[in-house]
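My entries follow in the order I looked things up.

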Amino acid sequence: MPLSKDTLQLLEVDGSLVPGPVYDQYWPYIDALPHDTLQHMYRTMAVIRALDIEAGNLQRQGQMALWVPAIGQEACQVGSAIASRPQDSIFPAYREHAVARLRGVSMLQIVRMLRGLTHGGWDPKTHNNFHLFTLVIGSHTLHATGYAMGIGLDGTVATGDVTTDEASIVYFGDGATSQGDTHEAMVFAQSYQAPVVFFLQNNHWAISTPVRVQSRTPLAQRAAGYGIPSRQIDGNDALISYAVTREMADHARSGSGPQFIEALTYRIGAHTTSDDPTKYRDEDELRFWTDRDPIARFGAFLRAQGEQQAFFDEVDQQGLDEVSDFRRDVLALGKPEPSEMFRHVYSAPHAPVEAQAAWFAEYEASFVDKGPGA
Ligand SMILES: Cc1ncc(C[n+]2csc(CCOP(=O)(O)OP(=O)(O)O)c2C)c(N)n1
Ligand SMILES: [Mg+2]
């Protein structure tokens with residue numbers, strides 16, 4: 001069983017609340033939330049999944065070279081993102097579509113990047129401090145740590161008011177924990193007591209490498225070696241994700257230094273549309289996790305709280321409407337100009353890049369149809 005007695009959880013698989021010390025400690029965070037925030041959590045998870053499935057369909061229909069699905073990881077993303085505060089800076093990897101949505105970056109903007117229409121994606125300053133998707137595994141743990149060290153130098157941490165103090169939150173995967181960058185980031189974060197929350201989504205796979213190859217001990221326990229407090233949570237439980245992120249990010253903001261959260265979750269789909277997981281993982285494991293679906297679980301919790309069917313019907317309809325708008329907008333995106341990619345490598349003229357651009361132009365021209373018999 002991947003979840004252990006040390007894994008923090010509020011919601012059982014059937015959506016009921018688990019009584020005990022974890023409930024006593026963390027339920028007050030949930031109890032303080034207005035009902036519409038709970039609805040917002042469910043709505044975001046359900047709609048982002050509908051869009052994610054449609055993005056995969058659009059990729060298969062030739063609309064993008066690649067899609068990176070996040071199906072199954074909605075709860076840890078939505079709970080933690082709602083727990084962050086507006087002034088926080090978020091450093092995503094490339095699968096954080098739900099976090100992006102909650103910070104004002106749409107699926108269409110993500111598709112524009114994967115389609116080559118933009119070479120960055122969005123400006124974090126005008127997108128609620130949501131930084132760029134980073135495909136170089138683990139490198140953004142350093143960006144987040146450096147940023148948090150800057151927060152310390154600016155003095156916007158540990159002022160005594162967690163509602164205005166800042167933190168940075170970095171999302172990374174189980175595979176990224178084996179990167180040197182991630183270890184360096186944790187060393188610097190603890191040395192400088194930087195206000196950074198390391199949010200590990202352990203989805204049990206790094207493409208075809210299982211997490212047991214990354215570490216013989218639970219990854220949350222590694223944090224102790226750096227002197228960083230850590231918690232392991234059930235990442236398919238949006239409530240515990242919210243409560244623990246709120247708690248630990250507030251610790252970081254109030255001057256307690258870096259914090260580490262390991263969210264146990266599962267990548268239900270392929271790594272990307274270029275991958276075929278049937279080649280390396282077995283059906284029983286997949287079934288174990290589909291039985292623990294985060295959206296069904298949260299829906300059952302809401303029903304037990306008295307939520308009526310009309311709400312769920314309305315969310316389903318919103319999903320259908322957004323999917324239809326998304327499809328229309330993706331089809332209207334147009335094509336990127338391939339030569340454009342050479343223009344943003346260096347600010348000044350650069351001979352090797354110019355030579356590559358010239359070669360590429362010649363290569364592209366070689367596809368001109370010279371007509372029958374030519
Ligand atoms: C530095 C670096 N090495 C290798 C790769 C190729 N690569 C892309 S995704 C990936 C697996 C990452 O796994 P994990 O960190 O668990 O994140 P997940 O994709 O499961 O969310 C690898 C090895 C890369 N993008 N960057
Ligand atoms: Mg992974």
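**Entry 1. Terms, then Val 105.** For my labels, helices are DSSP runs of H or I with at least four residues, strands are runs of E with at least two, and both are numbered from the N terminus. I also note that this is a predicted model.

I looked up Val 105 first. I found Val 105 in the loop between helix H4 (97-102) and helix H5 (107-114). Is Val 105 buried or exposed? It is buried, because 24 other C-beta atoms lie within 10 Å and 20 or more are enough for that label. I then listed its contacts, not counting residues up to four places away in sequence. Val 105 touches Ala 100, Ile 110, Trp 122, His 127 and Phe 130. I also checked Val 105 against Ala 263: they are 158 residues apart in sequence and 23 Å apart in space, C-alpha to C-alpha.

**Entry 2. Val 68.** I moved to another loop. Val 68 sits between helix H2 (35-60) and helix H3 (74-83). I count Val 68 as buried, because it has 25 C-beta neighbours inside 10 Å. Setting aside neighbours within four places in sequence, I get contacts from Val 68 to Tyr 94, Arg 95 and Thr 272. His 97 is 29 residues from Val 68 along the chain, and their C-alpha atoms are separated by 9.3 Å.

**Entry 3. The sheet.** In what order do the five strands of the open sheet run? I read E1-E2-E3-E7-E6, with parallel pairing.

Next I went through the pairs. Strand E2 (residues 168-173) and strand E3 (residues 196-202) run parallel and are joined by six bridges. Val 170 stands opposite Phe 198 in E3. E6 and E7 also pair in the parallel sense, over five bridges. There I see Ser 230 opposite Phe 260 in E7.

How covered are these strands? In E3, seven of its seven residues are buried. Val 196, Phe 198, Leu 200 and Asn 202 point one way from E3. Val 197, Phe 199 and Gln 201 point the other way. E6 is mostly covered too, with four of its five residues buried.

**Entry 4. Helices on the sheet.** Helix H6 (residues 139-154) lies across E1, E2 and E3, and runs at about 170 degrees to E2. Helix H10 (residues 238-256) packs on the sheet and touches E2, E3, E6 and strand E7 (259-264). The direction of H10 makes about 170 degrees with that of E7.

**Entry 5. Trp 27.** I looked up Trp 27 in helix H1 (residues 21-31). Trp 27 counts as partly exposed, because it has 16 C-beta neighbours inside 10 Å.

**Entry 6. Positive phi.** Most residues other than glycine have a negative phi. I noted two residues with positive values. Ala 158 has phi near 55 degrees. It is found in the loop between H6 and E2. With 18 other C-beta atoms within 10 Å, Ala 158 is partly exposed.

Gln 193 has phi near 50 degrees. I place Gln 193 in the loop between helix H7 (180-191) and E3. Gln 193 counts as partly exposed, with 18 C-beta neighbours inside 10 Å.

**Entry 7. Ligand 1.** Which residues come nearest to ligand 1? Of the 14 around it, I list Ile 137, Gly 173, Gly 175, Ala 176 and Ala 206. I sorted the shell by type: seven nonpolar, four polar and three charged.

**Entry 8. Domains.** Last, I checked the domain assignment. It gives domain 1 (21-331) and domain 2 (337-374). The centres of domain 1 and domain 2, taken over C-alpha atoms, are separated by 38 Å.

Notes: Residues numbered from 1 in each chain as written. Chains lettered and ligands numbered in written order. Predicted model: local features only at pLDDT ≥ 70, side-chain atom pairs only at ≥ 80, totals over all residues. Near = placed C-beta within 6 Å. Nonpolar A, V, L, I, M, F, W, Y, C, P; charged D, E, K, R; others polar. Pairing = 2+ DSSP bridges. Contact = placed C-beta atoms within 7 Å. Axes fitted to C-alpha atoms, helices over the stretch in contact; angles between N-to-C directions. Domains from an automatic or database assignment. Buried ≥ 20, exposed ≤ 12 C-beta atoms within 10 Å, placed from the backbone.
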